[in-house]
Amino acid sequence: LDLRRLPGHNEALNNQLLFGEEVILYDEADGWAWVQSRTDRYVGYVERAGLAEDIQSNTHSLTALRTFLYPEPDLKKPPLDVFSITAALNVEEHHRGFAKLATGGWVFAKHIAPLDSIEPDYVETALKFLGTPYFWGGRSSIGLDCSALLQLSLARAGLVVLRDSDQQQETLGENLGWITGETEPERGDLLHMAGHCAIALDAKHVVHATAFTMSVICEEIEKLEARVIAKSGKGITGRRRPSIAK
């Protein structure tokens, strides 16, 4: 569900809400609702029709990048919808390899896990997004931006993460600092720069969602930093390491 800066389909996209996430409803008028996400505290306008009246007691989370919602436990039926990774679901029963949702429809059971399950290797989760289109304000496996890649990957590892890269740089894990030409990141380090962020794969490579290729890619840190310096005059400004329960 698109979260916009102002009410209107042509207004700027600030963020997106995923299926099953809760919001605080502050006001509504003319088919639009002013809400705040309980997941990352983002505020904006959504179409009122996209909000359910009842709060579900979610039991499971989507672990696959995306999955279809079927009207019956039958993969040959035309799907009703598609959900993205970390969507929260209320499962009522299992049948023939599918899970029935309290909100209606069926999803493939191997694509979900209990709500409290985690995947500690957030680097591996981030790599699942390779090739996903870059989408400013996007927050799903259909399209996402750099900070959403960090947010969703770390969410599967059990961390609740704020939405924007500057917020992430101020709050995520241990601040390890950065000195260009001297610092060697380790796998899983989060590298921050002006308006951008990436996840280190090793001492020389990162995975990130970038407008440079309009996709999620793996890239040499040296090339990324050179491009950032050419654009903003500054290179990598910070390195942080989140604490993940094993």
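**Figure 1. A network of salt bridges links Glu 186, Asp 189, Arg 239 and Arg 241.** The model shown here and in the other views is predicted. In the model as a whole, the count of salt bridges comes to 14.

**Figure 2. Arg 187 and Asp 121 form a salt bridge.** The closest N and O atoms of the pair are 3.0 Å apart.

**Figure 3. Glu 22 and Arg 38 meet in a salt bridge between two loops.** The N to O distance between the side chains is 3.6 Å. Glu 22 sits in the loop between strand E2 (13-16) and strand E3, while Arg 38 sits in the loop between strand E4 (32-37) and strand E5 (43-47); the pair therefore ties together parts that are 16 residues apart in sequence. Glu 22 is partly exposed, at a relative accessible area of 31%. Arg 38 has a relative accessible area of 53% and counts as exposed, because the cut-off for exposed is over 50%.

**Figure 4. A salt bridge joins the side chains of Lys 128 and Glu 119.** The distance from N to O is 3.5 Å. Lys 128 is partly exposed, with a relative accessible area of 36%. Glu 119 is also partly exposed, at 24% relative accessibility.

**Figure 5. Thr 125 is a buried residue of helix H1.** The relative accessibility of Thr 125 is 1%, and the residue counts as buried because that class covers values under 20%. The view also includes Leu 149, which is 24 residues away from Thr 125 in sequence. In space, the C-alpha atoms of Thr 125 and Leu 149 are 9.3 Å apart.

**Figure 6. Strands E10, E11 and E12 form an open antiparallel sheet.** The order of the 3 strands is E10-E11-E12. Strand E10 (91-95) and strand E12 (106-108) are at the edges and have a single partner strand each, so one side of each is left without a neighbour in the sheet. Averaged over the sheet and with direction ignored, neighbouring strands are turned by 30 degrees against each other. Between E10 and strand E11 (residues 98-101), which run antiparallel, there are 4 bridges. Opposite Glu 93 stands Lys 100 in E11.

**Figure 7. Strands E9, E6 and E13 form another open sheet.** The 3 strands follow the order E9-E6-E13, and their pairing is antiparallel. E9 and E13 are the edge strands, each pairing on one side only. Strand E6 (residues 60-62) is joined to E9 by 2 bridges, and these two strands run antiparallel. Ser 61 has Ala 88 in E9 as its bridge partner.

**Figure 8. The largest pocket has a volume of about 910 Å³.** Its lining consists of 32 residues, and those nearest the centre are Leu 18, Phe 19, Gly 20, Glu 21 and Gly 50. By class, the lining of this pocket holds 14 nonpolar, 10 polar and 8 charged residues. At least two lining residues come from each of strand E3 (23-29), strand E8 (81-84) and strand E9 (88-89). E8 supplies the largest share, with 4 residues.

**Figure 9. The second largest pocket has a volume of about 570 Å³.** The pocket is lined by 22 residues, with Glu 21, Thr 39, Thr 86, Leu 115 and Ala 155 closest to its centre. Glu 21 is also among the residues nearest the centre of the largest pocket. The lining of the second largest pocket divides into 8 nonpolar, 8 polar and 6 charged residues. Helix H2 (residues 146-155) gives the most to this lining, namely 3 residues.

Methods:
Residues are numbered from 1 along each chain as its sequence is written. This is a predicted model: local features need pLDDT of at least 70, side-chain atom pairs count only at pLDDT 80 or more; totals for chains, interfaces and linings use all residues. Side-chain values use heavy atoms; hydrogens and water are left out. On a 1 Å grid over the protein atoms alone, a cavity is a set of points where a 1.4 Å probe fits but cannot get out, and a pocket is an open set with protein on both sides within 12 Å along at least five of seven lines; lining residues have an atom within 4 Å of a point. Grid points are joined across faces, edges and corners, and a volume is the space filled by probe spheres set on the points. Ala, Val, Leu, Ile, Met, Phe, Trp, Tyr, Cys and Pro count as nonpolar, Asp, Glu, Lys and Arg as charged, and the others, Gly among them, as polar. Two strands pair if DSSP finds at least two bridges between them. Axes are lines fitted to C-alpha atoms, for helices over the stretch in contact, and angles run from 0 to 180 degrees between N-to-C directions. A salt bridge is a side-chain nitrogen of Lys or Arg within 4 Å of a carboxyl oxygen of Asp or Glu. Buried means under 20% relative accessible area, exposed over 50%, partly exposed in between (1.4 Å probe, protein chains only).
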